Amino acid sequence: MIVIKDLIVKLKEFKLVIPELRVGRGEYLVVMGPSGVGKTVLIHTLVGFIKPLRGSIIVDGRDVTNEPPERRGLALIPQDYGLFPHMSVYDNIAYGLRIRGLSKDLIDGKVREVARTLEIEGILSKYPHEISGGEQQRVALARALVVEPKVLLMDEPLSSLDPRLRIKSIEFLKNLHRRLGFTAIHITHNLLEALELGDEVAYIEGGELMCVLPPREFIRSRWGREYLRELLMINKYLST
Amino acid sequence: MSRLWDRSGRAFLLTLSVGASILITFLVIPIIALFALSDLGVMGKVLITNEEYASLVWSAMATTLLASGTSTVTLLILSIPLAYILARTDFRGKSLIEAFIDLPLMIPHAVAGIMILLAYGGRGLLANLTRSLGIAICNTFWGIVAVMAFVSAPIMIDTIRVGFESVSPTLELIARSLGASPAKAFTTVTLPLSIKAICTAAILSWARALSEVGAILIVAYYPKTINVLIIEWFMTYGLKYAVAISVPLVLISLALFTILKVVLKK
């Protein structure tokens, strides 16, 4: 689990304030909010790319606030998936395991197992530029999950997918989470992702954490209603 | 031919080709002239038949290739850390350091030679240090290497830096979140992704080192490099003899750079 306490991050004029945020073991937290409010800053701080001004980040009872990224046990999937272009899909997935110095056989077993789970066995020898956006997303997931991170951090992981693939990916992520039970923080602008995937939804506005609510309550809150507007506008076209 | 070059595209390409042809012609004609107007008799004499001349020429050629190679390898090893720091960090005085790095590009070659002499020469600023290390630069092989490194450093550092800058820092950060140390993230992600830029930097820097003569004349007239010998023979024996030893230099350079470019493309 991850606990964030009295976190203040300052980047020039921008300030992010998170008084308290908890994500229990196996929980799936979706973070929402307008663009530029600090959602990415939050997960970059959690993973250790940005040093907070104040506060603490506790992962499984250990304060990791001053630990470098490689010692935090958190894995990140950025918006563009961040696959290593010079490595095959297999080598991308095996990267974290090789860093840990595991034996060749053990690495092979783990890579093939996660590839089977994510249904990407057929593309292991391909390179990132040779596979589709949906496949890239699964490879990024595989690469992050294979190292068994304490928390998986995802920055708008489905935003570059077309609507059909996005719905398929939501289903896929939902099933995967149910099966593997990993702890996740998922940033999105998409209400459907929040409702389908989130155990809870955190909403950030103007650099401040406004609420953490279960999805059904979030959609009825004043912050959730903002997202409903778009749906209501679409609905207008369906009803006429 | 791609769709970009449809009828109107081809017309535009033709217009561009006029300017491009003028430039290519301007660059190629001197090379053709060098080969066309060389005297085979003199060339045979100085390169093969006359032992005294031939030994002078080939020893100068070896000195040039060895010194430029040493300068390039040394610079390569030292430029990678500097280029990485410049590409990834921001600090006070960075612009000043960048200006110092690029200075050898702007100053006359003779001045560069004088500066090397004043810094590391027998009576230079760091004379005691170089003496205690057993390194002399005045009229030595290491003097030539120092000059070549000084004049080609900006090309090496700037080209590698551009290569590092073209690799997204996010990739390194992801590698770190997957457990890699900063050094491991650099060697497994940024370095392999910049390999093309690094090879290009080495080729360009080597080319620059190979062509240096002005600063070498000031710091190390001896052991003679082929460039110094060309100037000396031009002054002493005239154009025919200078051309005779310029041809193999151009041929060797052309062959080496072509091979490297082909290897790099693969």
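Leaving aside its neighbours within four places in sequence, which residues is I116(B) in contact with?

## The nonpolar core

In this predicted model, I116(B) is in contact with I137(B), A146(B), V147(B), F150(B), A215(B) and V219(B), once its neighbours within four places in sequence are left aside. I116(B) belongs to the largest nonpolar core, which holds 125 residues, and the members that touch the most other members are A142(A), L153(A), I116(B) and V147(B). Helix α7 of chain B, residues 141-165, gives the largest share of this core, namely 14 residues. In soluble globular proteins, nonpolar side chains tend to be buried together.

## Chain A as a whole

Chain A is built with eight helices and 10 strands. Its radius of gyration is 18 Å, close to the 18 Å that the globule rule gives for 240 residues, so chain A is as compact as a globular protein of that length. Taken along the principal axes, the box filled by the C-alpha atoms of chain A is roughly 55 × 50 × 30 Å.

Of the 240 residues in chain A, 41% are buried. When the contacts in chain A between residues at least 6 apart in sequence are considered, 67% of them join residues at least 24 apart.

## Where the chains meet

The contact between the two chains takes 17 residues from chain A and 14 residues from chain B. On the side of chain A that touches chain B, the elements giving two or more residues are β6 (74-77) and α2 (89-99) of chain A. Sorted by class, that side of chain A has 12 nonpolar, three polar and two charged residues.

## Helix packing in chain B

Helix α2 (residues 40-49) of chain B packs against helix α3 (residues 51-88) of chain B at an angle of about 75°, and their axes are 6 Å apart. Because of that angle, α2(B) is roughly perpendicular to α3(B). In this contact K45(B), V46(B), L47(B) and I48(B) of α2(B) meet Y53(B), A54(B) and V57(B) of α3(B), and the residues involved divide into six nonpolar, no polar and one charged.

Helix α3(B) also packs with helix α12 (residues 226-236) of chain B, here at an angle of about 140° and with axes 7 Å apart, which means that α3(B) is oblique to α12(B). From α3(B), the residues L56(B), V57(B), A60(B), M61(B) and T64(B) meet I226(B), N227(B) and L229(B) of α12(B). By class, the contact of α3(B) with α12(B) has six nonpolar, two polar and no charged residues. V57(B) takes part in the contact of α3(B) with α2(B) and in that of α3(B) with α12(B).

Note on methods
Residues numbered from 1 in each chain as written. Chains lettered and ligands numbered in written order. Predicted model: local features only at pLDDT ≥ 70, side-chain atom pairs only at ≥ 80, totals over all residues. Contact = placed C-beta atoms within 7 Å. Helix = DSSP H or I, 4+ residues; strand = E, 2+ residues; numbered from the N terminus. Nonpolar A, V, L, I, M, F, W, Y, C, P; charged D, E, K, R; others polar. Core = buried A, V, L, I, M, F, W, Y, C linked by C-beta atoms within 7 Å. Buried ≥ 20, exposed ≤ 12 C-beta atoms within 10 Å, placed from the backbone. Axes fitted to C-alpha atoms, helices over the stretch in contact; angles between N-to-C directions. Parallel < 35°, antiparallel > 145°, perpendicular 65-115°, else oblique. Rg over C-alpha atoms; globule rule 2.2 N^0.38 Å.
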